[in-house]
Amino acid sequence: MIEIKHSPLCNTKNNHFVPQFYLKYFQDRFGFIYCFDKETHIIHQTRNLKEIGCKKNLYTITTKISQADVDFFTLLFNINLHPLETDFLKYLISFLNDEFKKLFNLKYTKNKNLEIKINETMEKILNSPDISRNQELLFSFYETKFQPIYKQILDTEQLPSIKKQKNHPFYYLAIQTMVFITQTMQQKLIQYVKEYDSIETLLINKILSPSNYEPFLDCLHYLIIQYWRTSKILQSPLLEKVKKQSGSKNINIANVMFLSLHFHGLNIIKNCINTKYQLYLIKNLTGLAFITSDNPAVNPYSAISSFNISPENFEIFFPLSPKLGILYSNCCLYSSTNSVIKDKYQINYWNKLLLRECE
């Protein structure tokens, strides 16, 4: 009997939930970051950004996302799936589960042998057992979109402006992600089926990339993702409590949180935009620097709710650098979207919030 060796799409085990390109802006002129341990109250310094803001297998799917997980997720967040949402969820689950065959089903009458070979490859070699690390690739994709926007904000001290929405925010962000998923899985498939040189014409599920570029939505998307992706949020005990109350036994809470992060995050953006949230850039002109943490995107209302977020109890503060911060809120806290702060007490408020919410 021939043993089939599974070939994972991604095998990254050490997951950085705070990106290194972000942390470098909090280094001093000698390249040090100073880390404060909340439990021991010990401060240590490091130049090695690879050793902070990371955790082994934080994003690993240890058992495949099941229909029971999906049902619990949609019920918990009161999600009514429309056609695009159904497609997005299908793409997301196939990618996270590392199951090519559930996303791509090829019918190629011109070369039946090639069709059989490709489908067998997806079914066997490119079909993960109960462990997948593909989620790391999604976070890399989100970071790649955000990084040039982040640098531009730091360089110009100006926020990206919101455009008149031609398309639904969910549509723009979901399509972008689906295009990435399709292209990434195509590239992997090509490595194993060399004859598959006309892949564009063979794929049944063909997604067109959005023609417009919306840096405001990409920036906002990253803020939401950064809030949800940390160890503290993903391992929140609240959902486990909800699971016990519901009597559901066959639910993987980690999978529910992963679906919430990628899928429900887009619904949060839609809800916030519809309720007139604004991005504020906070310029710190005091002698007190903004700090950051292993949980850098913080919600002042997190004591009220850490998972079922609605516009009534949600805003995000995110320190961009020691001198710049960004706030997404529907409260008129500042007179302008570009606000200068000269009062140390205001800076201290945000720093205390970061200290409270970090691990």
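# Helices, rings and cores in a predicted model

The protein has twelve helices and eight strands; helices (H or I, at least four residues) and strands (E, at least two) are DSSP runs, numbered from the N terminus. This is a predicted model, in which local features need pLDDT of at least 70 and side-chain atom pairs count only at pLDDT 80 or more, while totals for chains, interfaces and linings use all residues. Residues are numbered from 1 along each chain as its sequence is written, and side-chain values use heavy atoms, with hydrogens and water left out.

Student: What percentage of the residues of the protein count as buried?
Tutor: Buried means under 20% relative accessible area, exposed over 50%, and partly exposed in between (1.4 Å probe, protein chains only). Of the 359 residues, the part that counts as buried is 53%.

Student: How is helix α6 oriented relative to helix α8?
Tutor: Axes are lines fitted to C-alpha atoms, for helices over the stretch in contact, and angles run from 0 to 180 degrees between N-to-C directions. Helix α6 (residues 169-192) packs against helix α8 (residues 215-228) at about 75°, with the axes 11 Å apart. Angles under 35 degrees count as roughly parallel, over 145 as roughly antiparallel, 65 to 115 as roughly perpendicular and the rest as oblique. Therefore α6 is, relative to α8, roughly perpendicular.

Student: Which residues of α8 meet α6?
Tutor: Contact means heavy atoms within 4.5 Å. From α6 come Pro169, Tyr172, Leu173 and Gln176, and they meet, in α8, Leu217, Asp218 and His221.

Student: How do the residues of the contact of α6 with α8 divide?
Tutor: Ala, Val, Leu, Ile, Met, Phe, Trp, Tyr, Cys and Pro count as nonpolar, Asp, Glu, Lys and Arg as charged, and the others, Gly among them, as polar. By that rule the contact of α6 with α8 divides into four nonpolar, two polar and one charged.

Student: What is the orientation of helix α3 to helix α5?
Tutor: The axes of α3 (residues 83-97) and α5 (residues 135-156) come within 8 Å and cross at roughly 120°. Leu92, Phe95 and Leu96 of α3 make the contact with Gln135, Leu137 and Leu138 of α5. The angle makes α3, relative to α5, oblique.

Student: How far apart in space are Met178 and Leu92?
Tutor: Met178 is found in helix α6 and is buried, with a relative accessible area of 1%. In sequence, Met178 and Leu92 are 86 residues apart, but in space their C-alpha to C-alpha distance is 7.7 Å.

Student: What kind of aromatic pair do Tyr222 and Phe318 form?
Tutor: Rings of Phe, Tyr and Trp (its six-membered ring) pair if their centres lie within 6.5 Å; planes under 30 degrees apart count as stacked, over 60 as edge-to-face and the rest as tilted. The structure holds 24 aromatic pairs. In the pair of Tyr222 and Phe318, the centres are 6.5 Å apart and the planes 65°, and the pair is edge-to-face.

Student: How many residues apart in sequence are the parts that this pair ties together?
Tutor: Tyr222 lies in helix α8 and Phe318 in strand β6 (residues 316-321). Phe318 is buried, with a relative accessible area of 1%. The pair therefore ties together parts whose separation in residues is 96.

Student: Which residues have the most contacts inside the largest nonpolar core?
Tutor: A nonpolar core is a set of buried Ala, Val, Leu, Ile, Met, Phe, Trp, Tyr and Cys residues joined through side-chain atoms within 4.5 Å. The largest one has 95 residues, and those with the most contacts inside it are Trp228, Phe318 and Leu320.
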